[in-house]
Amino acid sequence: MARIDCNHIRHAYGPHPKSDKDYALKEVHHAFEDGGAYALLGPSGCGKTTLLNIISGLLHPSHGELLFDGRDVTNLSTQERNIAQVFQFPVIYDTMTVYDNLAFPLRNRGVPETDVDRKVRETLEMTGLADMARRKARGLTADQKQKISLGRGLVRSDVNAILFDEPLTVIDPHMKWVLRSQLKQLHRRFGFTMVYVTHDQTEALTFAEKVVVMYEGEIVQIGSPAELFERPKHTFVGYFIGSPGMNVMPVAVEGRNARLGSQTIELPGAPKAGTAGAIELGIRPEYVRLGREGMAVKVSKVEDVGRHKVVRASFEGRDIAAIIGEDADIPADPKIAFEPAGINLYADSWRVEMGA
Ligand code: ADP
Ligand code: MG
């Protein structure tokens, strides 16, 4: 296993990139610690696969370098980097049996046949393919084939890292949950460095210790699930994570007061000196109190989502979502208030610290 350093990595697919928008990856400067379980999370097109393929060596970056345990591997092939990669769609040998598909990466590296057998049997159990070991891969369903792909990524224990690119897309929901738990267990047991790409926040938050959020070719925040929830560094993280996402609204700030329409909201602290740009206040629906005190709102919709209710309200034309308890009532003249602990402030979409 290895620590992976991405040093000032940029990548453009076209031949003559001029401005930032020509780059699929604008600038990635980040270290994946040895043995860490990371999720790369972001919407379609933000550069996740590009970054993963640069790490594995399928793609050579336009700028920057890649280090494994301090050694420059930028010009090495995937094979030389000793990486296992599992793709979105199955990559297997149709004419081989399930067993031989799993044995292939090991035999290829000259692993003795007794060890091959032990590792393959273990992997068959793990992926739930034990009953099909002797069948040809050709006749299997898409999700069975993807399990073989997954198994081929997991069967080797000598790799520097295992990279997953949305590997559960074709797997049915129940099996998704099972496989994800198994990946987590494997990580605990063997301490692989794992990078798991997904656009699904639930998948990212349940799998990873550290979630790397990408947006338009950049990493906007790296944090634990709790950090991403409590202190989104960028308004995009606020929107993208959470259900519903963070409420974000333009405000005018003076000292520790934020002006929102006809109302003044007291901030937990004044923004640091020199804060400029478009200022917005962000508050998650979990921190919006609905009751008889605060700013008068119109409630347009109440969604019952099981353990709680999502209230869609508007304050002087601004949409604001609030989360209330499943048994809570909505008063006749509803008002909302913001819990100070949940208030974040943004300048040009980036979070600003507030002093005491
Ligand atoms: P993600 O995996 O997050 O969906 P990708 O890394 O696949 O995103 O793509 C990032 C950007 O690079 C997108 O704008 C995509 O259209 C572009 N892109 C991806 N692959 C290629 C390619 N082979 N040639 C040109 N542009 C590409
Ligand atoms: Mg992708």
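Predicted model: local features only at pLDDT ≥ 70, side-chain atom pairs only at ≥ 80, totals over all residues.
View 1. Helix α3 itself covers residues 98-107. How many of its 10 residues are buried? Seven of them are, which leaves the helix mostly covered. If you'd like to pick them out, look for V98, Y99, N101, L102, A103, P105 and L106.

**View 2. Into the largest pocket.** Here we zoom in on a pocket with a volume of about 550 Å³. It's lined by 19 residues, and the ones closest to the centre are I83, A84, Q85, R152 and R156. Helix α3 turns up again here: along with α2 (78-81), β6 (83-86) and α5, it gives two or more residues to the lining.

View 3. Which element gives the largest share of the lining? That would be strand β6, with four residues. Sort the lining of this largest pocket by class and you get nine nonpolar residues, seven polar ones and three charged ones.

View 4. UniProt lists residues 4-241 under "domain: ABC transporter", and the entry is an unreviewed one. Over that stretch, the chain is 37% helix and 23% strand.

Technical notes:
Residues numbered from 1 in each chain as written. Chains lettered and ligands numbered in written order. Heavy atoms only, no water. UniProt positions renumbered as here; feature names shortened; annotations may be inferred. Buried < 20%, exposed > 50% of the residue type's maximum accessible area, 1.4 Å probe, protein only. 1 Å grid on protein atoms, 1.4 Å probe; cavity = no way out; pocket = protein on both sides within 12 Å on 5 of 7 lines; lining within 4 Å. Points joined across faces, edges and corners; volume = space filled by probe spheres on them. Nonpolar A, V, L, I, M, F, W, Y, C, P; charged D, E, K, R; others polar.
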